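Hello,

Please find the structure we talked about below. My notes come after it.

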Amino acid sequence: MRYNLIRKMDISNGPGVRVSIFMQGCQFHCKNCFNPETWDFEGGKEFTNETITKVLDLCDKESVKGLSILGGEPMHPNNIEGTTKLVKAFKEKYPGKNIWTWSGFQFDDLKDKEALKYIDVLVDGNYKDELHNPTLKWRGSENQRVIDVKESLKNGEVKLFESNK
């Protein structure tokens, strides 16, 4: 598994100041993707236990509200094991902080994955250029959903995230 980039201060991918990691490799190749440099599974840098340690260390500031995991495709079979290790380690160390993840896969395709037990918010669905809407918060196209994962898993149906909770 590989990753493309770690941002130590990100304010655009979830609420508050966050640490973001962009996983490397994506099968979807959405038209006008904002991050096509993450498509190649052979690109980027090797994702190791040291990568996890680095991300956790960067999150060890009171000002950091959470971790955002984007891509590429963090939930792709090539990446899911590393994503799971990262989200599990993050929640063990920072139970009061949140994890946001973006995936081209639908929630129903992911709900049985271990990683979802640790993720708080999932933005699901492929970016669709014909449904692009620049006024949307935390997503690029109208088909994508911002999902409250904990509530959705508990209730057995998709519950959208409400940012004013």
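The notes below cover the fold first, then the sheet, then the surface.

This is a predicted model, in which local features need pLDDT of at least 70 and side-chain atom pairs count only at pLDDT 80 or more, while totals for chains, interfaces and linings use all residues. Residues are numbered from 1 along each chain as its sequence is written, and side-chain values use heavy atoms, with hydrogens and water left out.

The chain has 4 helices and 7 strands (DSSP runs, numbered from the N terminus: H or I of at least four residues for helices, E of at least two for strands). Their order along the sequence is β-β-β-α-β-α-β-α-β-β-α. The radius of gyration (over C-alpha atoms) is 15 Å, close to the 15 Å that the globule rule (2.2 Å times the number of residues to the power 0.38) gives for 165 residues, so the chain is as compact as a globular protein of that length.

The 7 strands form an open sheet with mixed pairing, in the order E3-E1-E2-E4-E5-E6-E7. Strands E3 (45-46) and E7 (145-148) are its edges, each pairing on one side only; two strands pair if DSSP finds at least two bridges between them. E4 (residues 64-70) and E5 (residues 98-103) run parallel and are joined by 4 bridges. Ser 68 stands opposite Trp 100 in E5.

Of the 165 residues, 49% are buried (under 20% relative accessible area, 1.4 Å probe, protein chains only). The accessible surface (Shrake-Rupley method, 1.4 Å probe) is about 8,600 Å², and carbon and sulfur atoms hold 49% of that surface.

Regards

Technical notes. Buried means under 20% relative accessible area, exposed over 50%, partly exposed in between (1.4 Å probe, protein chains only).
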